[in-house]
Amino acid sequence: FARRAWEAFQANVEHLYTYGVFRMPFSWQSPWDSGYELYDAAAAYDLISHWEALAPLDHALVFTYLRRLGLRVAYAVELSPVIGSQQALWTCNLGCLAYYAPAIPEAASWRELVDERIESVMADFMTDGGHIECDPAAHSLALEHLLRYARVRAAGGDPDFISRPWGAGRVTLERCVDWLAKIATPLGETP
């Protein structure tokens with residue numbers, strides 16, 4: 001798994017230096033969708049940074065790649081008080097990177113930014129736990145990244161993040177999960 005992660009890193013870095021842009025998972029995605037790529041890169045970095053076979057030069061290259069990608073996503077998070085699931089994607093993945101790679105100089109400021117913006121992300125969920133976009137797909141996308149961030153927070157010493165109440169409606173991530181269960185069809189699929 002570590003070898004495959006490193007090969008994926010190399011492919012992305014080569015693409016960056018060849019074309020001057022990061023490779024997107026899908027051709028139709030814009031640079032603002034790199035929150036997906038950021039989480040995968042951060043998770044892989046967390047794994048391979050403990051891998052003894054990784055040469056110092058390769059480690060430095062991956063570190064630089066992650067930092068540049070994180071800076072770009074942080075720019076989107078800081079300047080985009082967007083209502084919607086994309087805000088959860090960018091914010092939570094930036095938070096994951098700040099925990100996975102604390103040696104990045106901006107990691108502490110990214111954590112502060114994420115702590116500030118997570119209030120806005122949770123404000124996108126209504127009192128009953130449903131997402132403000134009223135779309136199961138948008139709800140699932142936002143919730144997926146929030147739960148991923150909650151797991152990283154728990155591993156970092158904050159296990160109560162998932163049950164923390166937010167906003168005037170005191171909504172919790174647990175209630176957001178329950179909302180999906182309530183609208184599921186008898187086959188267990190969302191409409």
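R148 is buried, at 16% relative accessibility. R148 forms a salt bridge with E144, with the closest N and O atoms 3.3 Å apart. The model is predicted, and six salt bridges are counted in it.

**Helix packing: α5 and α6**

- Two packed helices are described by the angle between their axes and the distance between the axes.
- Helix α5 covers residues 107-122 and helix α6 covers residues 136-155; their axes cross at roughly 145 degrees and come within 13 Å.
- This crossing of α5 and α6 is left-handed.
- On the α5 side the contact is made by V114, D115, I118, V121 and M122, and on the α6 side by L146, Y149 and R153.
- Sorted by class, the residues in the contact of α5 with α6 are six nonpolar and two charged, with no polar ones.

**Helix packing: α3 and α4**

- The axes of α3 and α4 are 9 Å apart, and the two helices pack at an angle of about 145 degrees.
- The crossing of α3 with α4 is left-handed.
- From α3, the residues L66, G70, V73, A74, A76 and V77 take part, and they meet W90, T91, L94 and L97 of α4.
- By class, the contact of α3 with α4 has eight nonpolar and two polar residues, and no charged residues.

**Salt bridges**

- Side chains of opposite charge can pair when their charged atoms come close.
- E106 and R67 form a salt bridge in which the closest N and O atoms are 2.6 Å apart.
- E106 lies in the loop between α4 (85-100) and α5, and R67 lies in helix α3 (residues 56-79), so the pair ties together parts that are 39 residues apart in sequence.
- E106 counts as buried at 16% relative accessibility, whereas R67 counts as partly exposed at 30%.
- D115 and R153 meet through their side chains in a salt bridge, at 3.2 Å from N to O.
- This pair links distant parts of the chain, with D115 in helix α5 and R153 in helix α6, 38 residues apart.
- D115 is partly exposed at 40% relative accessibility, while R153 is buried with a relative accessible area of 8%.
- D115 and R153 also belong to a network of salt bridges that includes D158 and R164.
- In the pair E144 and R148, both residues lie in helix α6, four residues apart, which is about one turn of the helix.

- Q87 is found in helix α4.
- What is the relative accessible area of Q87? The value is 1%, so Q87 is buried.
- The side chain of Q87 makes a polar contact with the side chain of S120, at 2.9 Å.

- Most residues other than glycine have a negative phi.
- C134 has a positive phi, near 55 degrees, and is a residue other than glycine.
- C134 is placed in the loop between α5 and α6.
- Is C134 buried or exposed? With a relative accessible area of 58%, C134 is exposed.
- R170 is not a glycine either, and its phi is positive at about 55 degrees.
- R170 lies in the loop between α6 and α7 (173-183).
- R170 counts as partly exposed, at 46% relative accessibility.

**E133 in the loop between α5 and α6**

- E133 is found in the loop between α5 and α6, and C134 has its place in that loop too.
- E133 counts as partly exposed at 37% relative accessibility.
- How many residues apart in sequence are E133 and S85? They are 48 residues apart in sequence, and 8.2 Å apart in space from C-alpha to C-alpha.
- Leaving out residues up to four places away in sequence, E133 touches G84, S85 and A138.

Notes:
Residues numbered from 1 in each chain as written. Predicted model: local features only at pLDDT ≥ 70, side-chain atom pairs only at ≥ 80, totals over all residues. Heavy atoms only, no water. Axes fitted to C-alpha atoms, helices over the stretch in contact; angles between N-to-C directions. Left-handed = near helix turned anticlockwise from the far one by under 90°. Contact = heavy atoms within 4.5 Å. Nonpolar A, V, L, I, M, F, W, Y, C, P; charged D, E, K, R; others polar. Salt bridge = Lys/Arg side-chain N within 4 Å of Asp/Glu carboxyl O. Buried < 20%, exposed > 50% of the residue type's maximum accessible area, 1.4 Å probe, protein only. Polar contact = N/O pair within 3.5 Å; in protein donor to acceptor, adjacent residues only side chain to side chain.
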